[in-house]
Amino acid sequence: MARYVGLSGDQAAAFAAKQCDVDVVAAYPITPQTIIVEEFSNYVADGEVDTEFICVESEHSAMSACIGASLTGARVFTATSSQGLALMHEMLYIASGGRCPIVLCNANRALSAPLNIHGDHSDMMGSRDCGWIQIYAENAQEVYDWTIQAFRIAEDEATQVPVAVNFDAFTITHSLERLTVLEDEAVKSFVGKRKPKYTLDPHNPKTFGSAALPNFYYEFRVQLDDAIQRSFSTIRKVNDEYSKISGRSYDIVQAIGLEDADAAVLCLGGTIGTAKVVAKKLKSEGVNVAVIKPWVFRPFPSRELLTALDNVSAIAVLDRAISPGAPYGPLCSDIISTLYKYDREMCINNFIYGLGGRDISPREMESVMRDTARNAKEKKIEESVTYIGVRE
Amino acid sequence: MTQEPGWRALPIGGVVLEGGTARKYRTGDWRTFKPIIDKNKCVNCLLCWICCPEPSITQVEGDKVEVDYEYCKGCGVCAEECPVKAITMVED
């Protein structure tokens, strides 16, 4: 039976973690993620969960405690944002390198300086290569659904890689939505018990976190890359099973309006909502622009995107992060690499937008879409980077 | 030389499937200088045994301490700490 509740993105993350029967949470509060750990500590204080909540003095310690707990075989959850994720950076690599299937909810927030607490993707993009599976949710419902699925993806025997579920600061973390949630028992049986391959066990001693010098280190990094590349099949399997119990279907990439469009807009996270609304309006005026949302950013869904872009001849790639000195934003760089690798030539316009929480308005989105549709019609071939909504 | 296993064969995450494997890693060949204990001066106070970070000072039943050169990295802490100057560092 469907159950409706009003939850913000942060509350949805905490509620999902609660239902997933998490053994250990080690976290440090940071805006705009604080509600997640506050909410979860309420569950602990009220005896609603059987979880060890470790209060730590920093995010570096939070992730360190998560790693230690995960190595004992515990199911581990944490949450952070921006500077917190940056402070965890060193430990993120240790979590993935040590193959600790931790689930982290990251409220995407700008990095200092200047100080800013609002949304953009520069925090996770700064830790892009940390060896975690990275998912971007569009709204609170997706935060809930992906957090539950993340435990299954992370802990799957074939994966054993940590997963970060990303969602935009304030627009998603703090906005109240009507969510359809599952019953506790349904989630509990969906996630099951963690079955770790190796654990810290005094009766069966093993060595974790040992050094691997030039004769071994390389092999372990390739092993991690392989696990992440192969995780597509695990993600799909989990998506299928989740759709059976929830009635909501998830995939690696979501594409809307591809049937009659030769132009497309691609972006991550909450901005997809704006894109969908504007695309619908334009469609009613006879301008067809598809909206493509990579739910999964790592592993990068090259094949899924190529399939989606099969009949498309002009794309606008919206990056909510800046890679100073790089030729494009991080999402666009990967898309261009993919298209080039498979010899697909098309008009590619990269737009940087929304840094530090600046809104991208429906009018700005409409202008991007109209230009992209025109480029497709005119069979234009170009590459450009444009900054949306910045004052000259 | 035997070929080390490839990445597919290695346990995931760099886990070593047994404990105490540091013993197999002989760090003695890192050494440039080695400590020599003058047993005539040594009073067996065990300060070197306490201070050695490796630990490569071994206690010997019925005798004074000795250096385990398989693991001693030659850091010289023992020579520095010895209160009776019984340890000298000589080029290895």
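Mentor: Helices (H or I, at least four residues) and strands (E, at least two) are DSSP runs, numbered from the N terminus. Angles run from 0 to 180 degrees between N-to-C directions, and axes are lines fitted to C-alpha atoms, for helices over the stretch in contact. Now the case: helix H11 (residues 330-341) of chain A lies across S10, S13 and strand S14 (347-352) of chain A. H11 runs at about 145 degrees to S13(A).

Trainee: What kind of model is this, and how is it numbered?

Mentor: It is a predicted model: local features need pLDDT of at least 70, side-chain atom pairs count only at pLDDT 80 or more, and totals for chains, interfaces and linings use all residues. Residues count from 1 along each chain as its sequence is written, while chains are lettered from A and ligands numbered from 1 in the order in which they are written.

Trainee: What is the strand order of the open sheet of chain A?

Mentor: Strands pair if DSSP finds at least two bridges between them. The 6 strands here run S9-S11-S10-S13-S14-S15, with mixed pairing. S9 (253-256) and S15 (383-387) of chain A each have a single partner strand, so one side of each lacks a neighbour in the sheet. The twist averages 20 degrees from one strand to the next.

Trainee: How many bridges join S10 to S13 of chain A?

Mentor: There are 4, between S10 (residues 263-266) and S13 (residues 314-319) of chain A, and these strands run parallel. Leu266(A) faces Val317(A) of S13(A). Helix H9 (residues 271-284) of chain A packs on this sheet. It touches S9, S10, strand S11 (289-294) and S13 of chain A. Contact means C-beta atoms, placed from the backbone, within 7 Å.

Trainee: How do helices H6 and H7 of chain A cross?

Mentor: Packed helices are described by the angle and the distance between their axes. The axes of H6 (residues 140-155) and H7 (residues 184-191) of chain A come within 9 Å and cross at roughly 25 degrees. The two are therefore roughly parallel (angles under 35 degrees). H6(A) contributes Ile148(A), Phe151(A) and Arg152(A); H7(A) contributes Val187(A), Phe190(A) and Val191(A).

Trainee: Which domains does chain A have?

Mentor: Domain bounds come from an automatic or database domain assignment. For chain A that assignment gives domain 1 (3-246) and domain 2 (253-387). Their C-alpha centres lie 28 Å apart. Domain 1 of chain A puts 30 residues into the contact, and domain 2 of chain A puts in 19. H8(A) gives the most to the domain 1 side, with 5 residues.

Trainee: How many residues of chain B contact chain A?

Mentor: 14 residues of chain B meet 17 residues of chain A.

Technical notes:
Contact = placed C-beta atoms within 7 Å. Parallel < 35°, antiparallel > 145°, perpendicular 65-115°, else oblique.
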